Amino acid sequence: MESLTEIICNLKYDFRDLYKGNSHTTEVLPNSPSKFHIKDEHLLSLYAFLENNPIYSNQIVQKLSDIDCTIFEGDLNNYWIDSLKHDSSYAPFYPTWLLSAFCLSVESQKLGYEQIIDIGSGDGRIAYSGKILGLNSISIEIDENLVDLQEKISDKTGVKFNPICSDATTYDFSKISDKPSIFIIGGVPEIGEVLAESVIKNVLKI
Ligand SMILES: C[S@@+](CC[C@H](N)C(=O)[O-])C[C@H]1O[C@@H](n2cnc3c(N)ncnc32)[C@H](O)[C@@H]1O
């Protein structure tokens, strides 16, 4: 049986070969959870994330990897440009595929983590995915427009994934709970070690 990771990779390859649209930003979700071993309620929550996200403005249905899928089309140019304006912004906004973000959260939970902390969280999709699985979520993002977008998605979906507007290079990590935590560092990969050191000192107190 194919793992969730393999199914998502095959879907991406098929999407690359078969999608004929010209949208700036795209996302793919399966229409039914069966082949993905995803619970109905989780798939519905992933749909809610994209349907309540102003980046996406159109949906088309297409078969990929023999699975009926919905392709969400949109444009994130303005958010991308906004995220470049901060002095300490190391990586501009470009989102992880939502299915990959969900997979990351599934695997984090399987490894025994209880809290997922996304550093440079963009529109909050990793923290959102963690929260719908029952993980404690923290979503740190430097750009206020993206945090505003996260808050709107959180309000509309009812998923409280804890958006925080802060520069992760100066954020006081001792404020967060000391549950077993996984850090996803997409925003500031260059300073991963510095953040790890601060967490070890201030949170784990080693
Ligand atoms: C490549 S995107 C990743 C978004 C999200 N983690 C995902 O995987 O979909 C990087 C994000 O990190 C944010 N970022 C960059 N530097 C940051 C900093 N110093 N503190 C907090 N966020 C930062 C950017 O604004 C951008 O939204």
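Tutor: Rings of Phe, Tyr and Trp (its six-membered ring) pair if their centres lie within 6.5 Å; planes under 30 degrees apart count as stacked, over 60 as edge-to-face and the rest as tilted. Here Phe 15, Tyr 19 and Trp 97 form one aromatic cluster. This is a predicted model, where local features need pLDDT of at least 70, side-chain atom pairs count only at pLDDT 80 or more, and totals for chains, interfaces and linings use all residues. Residues are numbered from 1 along each chain as its sequence is written, and side-chain values use heavy atoms, leaving out hydrogens and water.

Student: How many aromatic pairs does a search of the whole structure find?
Tutor: The search finds 8. One of them joins Phe 15 and Trp 97 edge-to-face, 5.9 Å centre to centre with 65° between the planes. Helices (H or I, at least four residues) and strands (E, at least two) are DSSP runs, numbered from the N terminus. Phe 15 lies in helix H1 (residues 4-18) and Trp 97 in the loop between helix H3 (77-82) and helix H4 (98-110), so this pair ties together parts 82 residues apart in sequence.

Student: Are Phe 15 and Trp 97 buried or exposed?
Tutor: Buried means under 20% relative accessible area, exposed over 50%, partly exposed in between (1.4 Å probe, protein chains only). Both Phe 15 and Trp 97 are buried.

Student: And how many disulfides are there?
Tutor: A disulfide is a pair of cysteine sulfur atoms within 2.5 Å; the count here is 0. For Cys 103, the closest cysteine sulfur is in Cys 9, 8.3 Å away, too far for a bond. Cys 103 counts as buried, at 8% relative accessibility.
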